[in-house]
Amino acid sequence: MQTAIKQAKSKILDLAIHGKLVPQDSSDEPASVLLVKLRTEKEAKIKAGELKRDKNDSYIYKNTTDNCYYEKFNNGAINIDEEIPFDIPGNWQWCRLGTLGYWKSGSTPSKTKNEYYENGTINWLNTGDLNDGLITDIPKKITTLAQKDCNLQLFPIDSVCIAMYGATIGKIGILKTEATTNQACCVCSDFNGIYNKYLFFFLRQHKECFIQQSFGGAQPNISKEKITMTLIPLPPISEQKRIVSKIEEMFEQLNQIQCNLI
């Protein structure tokens with residue numbers, strides 16, 4: 001029965017990212033319109049000198065002439081039709097994870113410097129703390145000196161974290177307390193056009209793909225670049241929230257069944 005419940009949760013997530021878990025609402029603003037607004041806002045910030053243009057900046061669109069998907073870069077467009085894994089509803093849009101938020105990993109302050117750890121008060125997240133849920137307890141701490149010397153960003157509450165190295169690849173979590181991280185964690189904050197819980201469930205559904213993409217010997221890993229280049233089917237914001245609500249409702253029912261079996 002435990003296996004059946006795990007499979008049921010996997011199926012729910014699969015239906016969710018295919019646009020088959022909740023009905024679409026024609027009154028929702030299409031994801032494509034939202035992404036155009038985000039690009040316009042970004043261009044304005046670049047023009048004002050508030051942002052630097054990323055050489056890999058791009059957006060994905062479907063050409064109505066040949067019905068193929070293309071990715072537009074600063075120097076032209078390329079056909080990516082073979083990369084698109086499945087069809088999505090008309091008001092959804094394919095995009096890269098990197099366009100939807102600010103992604104960054106951390107580092108490990110030198111273990112030889114006691115002043116980096118002794119009486120530390122700043123949360124320092126390691127991949128072992130990732131629990132595929134809400135992260136409320138982070139036992140390891142560092143000092144303000146360590147944060148400053150190692151240029152560690154303090155990620156805000158509700159940031160989404162994913163493990164990139166070793167046996168924990170693909171483990172995820174949502175911060176419910178501010179934290180810095182080590183280099184094995186990649187964190188998304190400052191979300192653009194995506195509900196953090198929808199991102200969380202997408203990453204959970206995509207875990208096996210990340211594991212298959214990992215490389216290396218004793219310490220297999222995925223890079224931040226691979227994560228940010230991952231294609232994600234993006235629903236309208238309102239639908240993202242309906243999807244998350246339905247997932248949580250169905251998962252809770254399955255959890256109750258699981259509890260009753262113990």
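How many aromatic pairs does the count come to? The count comes to six aromatic pairs, going by ring centres that lie within 6.5 Å. Keep in mind that this is a predicted model. One of the pairs joins Phe201 and Phe251, and Phe201 also turns up in the lining of the largest cavity.

**Aromatic rings**
- Phe201 and Phe251 have ring centres 5.9 Å apart and planes at 85 degrees, so they make an edge-to-face pair; the cut-off for that label is over 60 degrees.
- This pair ties together distant parts of the chain, with Phe201 in helix 4 (residues 196-205) and Phe251 in helix 7 (residues 237-261), 50 residues apart.
- Both Phe201 and Phe251 are buried.
- Over in another group, Tyr59, Tyr61 and Tyr70 are linked into a cluster by ring pairs.

**Charges over rings**
- Phe251 has Lys9 lying over its face, 5.2 Å from the ring centre.
- Tyr59, from the tyrosine cluster, has the charged end of Arg39 sitting over its ring, 3.8 Å from the centre.

**The cavity**
- There's one cavity of 30 Å³ or more in the structure, and the largest cavity has a volume of about 30 Å³.
- Its lining is made up of Leu13, Ala16, Ile17, Tyr198, Phe201, Phe202 and Ile247.

Technical notes:
Residues are numbered from 1 along each chain as its sequence is written. This is a predicted model: local features need pLDDT of at least 70, side-chain atom pairs count only at pLDDT 80 or more; totals for chains, interfaces and linings use all residues. Side-chain values use heavy atoms; hydrogens and water are left out. Rings of Phe, Tyr and Trp (its six-membered ring) pair if their centres lie within 6.5 Å; planes under 30 degrees apart count as stacked, over 60 as edge-to-face and the rest as tilted. Helices (H or I, at least four residues) and strands (E, at least two) are DSSP runs, numbered from the N terminus. Buried means under 20% relative accessible area, exposed over 50%, partly exposed in between (1.4 Å probe, protein chains only). A charge sits over a ring if NZ of Lys or CZ of Arg is within 6 Å of the ring centre and within 35 degrees of the ring normal. On a 1 Å grid over the protein atoms alone, a cavity is a set of points where a 1.4 Å probe fits but cannot get out, and a pocket is an open set with protein on both sides within 12 Å along at least five of seven lines; lining residues have an atom within 4 Å of a point. Grid points are joined across faces, edges and corners, and a volume is the space filled by probe spheres set on the points.
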